[in-house]
Amino acid sequence: MAWIETVVNGLLLGGLYGLIGIGLALVFGVMRVVDGAQGEFMVMAAFFAVIVLAAAPDLHPLIIFGLAILFSFCVGYVYQSWIVNRSMQSSDPLAPLLLTFGVSIILRSVMVEVFGADLRGLQLGSLSRASIAIFNINIGVMPLLTLATSIALFLLLQWMLKRTSFGRIIRATADRRDIVRLFGVKPDRVYACVMAMSVALSAIAGLFLAARASFTPFSGVERLLIAFEVVVLGGIGSFWGPLIGGLALGVTQLVGLKWDPNAGLLYCHLLFFIMILIRPSGLVASRS
Amino acid sequence: MTLLEVSGLNVFHGDLQAIFDLDLRVGEGEVVALVGANGAGKTTMMRALVGLIASKQGRIRFDGAEISAASAEDIARAGLCMVPEGRMLFDSLTVLENLMMGQVLRRRGYWTLERVFELFPILAERRSAMPRHLSGGQQQMVAIGRALICNPRLLLCDEISLGLAPLMVEQIYAAFAQIGKQGTALVLVEQDVKRASAAADRLYCLLKGRISLETAAGAVRVEDLTRAYFGA
Amino acid sequence: MHLRLVSGVVASILLSAGAPFVLGDGALRLWTEALLILTMAQMWNLLAGYAGLVSFGHQVFVAAGAYALFLAAEALNVSPYWVLPLAPLAAAFLAALVALPLFRLRDAYFSIGIWVFSEIVATLVTKSSLTGATAGLPLKTSSLMDLDWFEPTLFWIASVLALAATAGLLLLMRSEFGLGIMSVRDNDVAAMSVGVDVQRNRLIVFVISAAGCGAAGAVNFLSNLYLSPASAFDVSWVVNMMFIVVIGGIGTLEGPIIGTLLFFALREIVTGQLGLSGGWYLVALGSVAVGTMLWSPRGLWPALSARWGLRFMSVERKAPRLALQDKPNND
């Protein structure tokens with residue numbers, strides 16, 4: 001029974017990992033940019049929510065979440081159109097990479113200086129601690145909400161990309177960024193929208209992390225490698241992959257920790273390393 | 001009525017100049033052939049006209065407006081569209097979705113999805129196929145249909161027949177007759193002089209980035225053309 | 001050219017031989033650190049700038065060199081100086097071992113794969129009592145060294161490493177082998193078709209790059225007299241290498257030198273002169289990186305040398321092709 005509980009908790013943790021990976025995968029899939037600052041945007045949204053909650057304690061959590069997501073959406077749009085788009089004109093893929101790592105260091109260090117490096121949480125009253133019992137397994141409400149949201153967002157994103165005309169434009173831009181211009185599409189604007197969505201998705205991950213556990217300015221960078229693993233395992237450019245990758249890593253981490261308590265992320269890394277050697281193009285075959 | 005008027009156009013590829021002081025004119029509803037050997041600068045010229053190459057000098061007037069500094073997006077919006085060389089379909093979009101990209105410009109007119117399917121019935125049949133599963137000729141049809149749905153005033157077609165079976169080329173050129181009937185002006189860029197001049201009203205020949213011959217398509221003299229095509 | 005190279009090397013040797021007698025203790029330590037970072041940066045530059053392999057995991061080789069030194073000195077009970085040559089060997093051995101699986105990965109996969117490998121090794125080292133686990137290792141035989149000459153000796157070793165890395169890179173890239181390497185980076189299919197053994201060349205460069213980082217890492221921790229897994233496997237090592245190389249100018253030999261000078265000047269000014277905390281230094285560093293990538297994406301050195309027509313050790317580089325990048329347009 002204890003093992004089943006571990007697996008279930010692993011799946012719930014995997015929901016969070018999937019959420020973290022999805023934004024990164026979206027950006028990489030559409031513009032071939034590895035965004036090193038994604039983790040910091042996650043933490044930034046959490047700090048934003050903490051500040052708003054402190055200023056207006058009576059606000060409903062959903063409104064606070066909404067504000068934080070909207071804020072992150074705008075940040076993402078500006079980040080892409082003012083900064084990342086400019087460096088993407090260079091033919092060298094290292095330019096946007098270093099640029100985003102630079103942004104990540106700036107954001108993280110400013111957050112440390114301004115807010116300090118202490119552990120913080122987003123107290124949503126009883127919701128943060130609540131749990132329900134299913135078949136004698138105790139399941140936290142927040143982790144369950146995380147996984148449900150994660151799956152819902154994956155479905156929504158999938159629907160948007162496959163079924164809407166905006167999704168079609170995004171896929172076409174990912175295929176051929178110069179040819180779409182012949183149809184009146186401005187690639188820079190598409191990229192800005194994609195980055196905005198991606199940062200908003202990271203924000204959701206950050207809010208859930210803050211609400212179910214605690215966070216510091218370093219919470220983002222500490223999960224950057226696992227986010228990369230989620231994306232690569234899921235197959236770069238695939239949009240379903242990150243959820244599957246995230247679930248696999250979440251289960252592996254908790255089962256590994258139960259078996260070998262001071263292993264940290266060792267078994268996640270081992271799983272990743274073995275998988276990537278067996279299938280160098282990821283678990284889910286790439287779209288392109 | 002002149003639809004497109006190019007005068008004194010120079011186009012650059014980094015430090016290299018590809019097009020020199022070029023003049024060119026396309027009338028309303030006219031079909032113009034632009035021929036030239038491989039490397040004469042035909043594709044560069046086309047990409048410069050639609051705004052995909054920004055490093056250029058000279059005047060380009062389209063439909064009465066100066067467009068030499070306009071963005072590719074605005075040029076397309078004005079009704080100057082292109083079927084690019086190598087077809088350049090969107091690989092992760094189905095045939096139908098590729099065609100629907102033409103609707104993004106929202107230029108309404110004669111050409112709709114239904115009319116493109118009438119023109120190329122095979123596309124209706126294969127509407128949910130991915131481009132990589134189509135034959136070269138079918139891919140070319142998608143590329144043409146995608147541009148037609150933009151309802152262009154002037155359509156630039158770059159190397160339509162390249163790498164296609166003769167029968168397929170026949171079929172596609174037959175479609176051009178129908179496209180011309182709707183009043184769409186056409187520029188047909190070809191290496192195959194015979195094919196292009198048969199379909200066109202007027203003909204330009206390009207040699208090393210310069211116009212080497214301009215003539216009515218019916219009155220081409222073989223020795224003139226040979227000189228203009230290969231250089232003396 | 002050879003005259004200029006030889007005179008440059010001789011001048012550098014004379015300068016570094018005399019420096020310890022002129023510089024104070026603090027300055028000497030700072031320069032030692034800078035020269036070691038420069039060595040590592042050149043090694044990362046060799047791999048990324050010339051062979052087109054972007055590594056996020058070079059900290060594993062820094063750590064491998066350091067652990068080899070500490071463990072060997074203790075096991076053989078000799079002065080650490082004697083076992084210093086084992087450090088690059090250990091790092092090279094590790095690199096050769098892991099190259100086999102890692103080289104199957106391309107581009108971003110390779111970058112992330114090697115980072116994950118480094119994390120795996122780090123966790124195993126942290127779990128093993130043989131390597132001192134989380135507590136790390138003290139340098140047991142430090143008493144066998146002459147501590148009066150400790151700082152100058154380390155400075156001299158660091159100078160030799162930095163000089164060897166830079167001059168060696170210059171000679172390597174001017175050689176036929178270097179041309180082969182660069183042809184692989186610019187177009188591996190074409191290089192293969194003219195008979196360049198792509199995998200073998202990559203392997204050699206990878207192993208050299210690891211060995212250099214191992215040697216520099218060992219000297220760095222030798223100067224601390226203490227080694228902890230957290231600092232040895234710190235991802236900051238590779239982040240610093242990357243920042244220095246890309247800001248200075250990747251694929252040039254001068255770039256990492258400029259980058260290193262800027263890196264340390266920034267740190268000394270922000271934390272020393274201005275008296276601000278380390279956090280603000282990181283903000284400044286990040287801002288320099290962002291600014292450079294926006295205004296001169298190829299780095300500072302190519303921009304400066306183009307403006308002033310400077311050329312010292314020119315070995316050119318073009319951007320690596322990403323397999324996932326847009327297809328090139330025809331004509």
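The contact between chain A and chain C (heavy atoms within 4.5 Å) draws on 46 residues of chain A and 47 residues of chain C. Please keep in mind that this is a predicted model: local features need pLDDT of at least 70, side-chain atom pairs count only at pLDDT 80 or more, and totals for chains, interfaces and linings use all residues. Residues are numbered from 1 along each chain as its sequence is written, chains are lettered from A and ligands numbered from 1 in the order in which they are written, and side-chain values use heavy atoms, with hydrogens and water left out.

- Asp260(A) and Lys127(C) form a salt bridge, with their closest N and O atoms 2.7 Å apart.
- Helices and strands here are DSSP runs (H or I, at least four residues, for helices; E, at least two, for strands), numbered from the N terminus.
- The elements giving two or more residues to the side of chain A that touches chain C are α3 (61-88), α4 (94-115), α9 (224-234) and α11 (266-278) of chain A.
- Of these, α4(A) gives the most, with 13 residues.

**Where chain B meets chain A**

- Here 26 residues of chain B and 18 residues of chain A take part in the contact.
- The buried area between chain B and chain A is about 2100 Å², with carbon and sulfur atoms giving 58%.
- Glu73(B), Phe90(B) and Met101(B) supply 27% of the area that chain B buries against chain A, more than any other three residues.
- Between chain B and chain A the count is 4 salt bridges.
- Asp178(A) and Arg47(B) join their side chains in a salt bridge (3.4 Å, N to O).
- The elements that give two or more residues to the side of chain B that touches chain A are α2 (72-78) and α3 (95-100) of chain B, and α2(B) gives the most, with 5 residues.

**A sheet in chain B**

- Chain B holds an open sheet of 6 strands in the order β6-β7-β8-β3-β9-β10, with mixed pairing; two strands pair if DSSP finds at least two bridges between them.
- The edge strands are β6 (80-83) and β10 of chain B, each of which pairs on one side only.
- Strand β9 (residues 202-207) and strand β10 (residues 210-216) of chain B pair in the antiparallel sense over 6 bridges, and Leu206(B) has Ile211(B) as its bridge partner in β10(B).
- β9(B) and β10(B) form a hairpin with 2 residues between them, and Lys208(B) in the turn has a positive phi of about 45°.
- Strand β3 (residues 31-36) of chain B pairs with β9(B) in the parallel sense over 5 bridges, and Ala33(B) has Leu203(B) as its bridge partner in β9(B).

Conventions: Buried area = accessible area lost by both parts, 1.4 Å probe.
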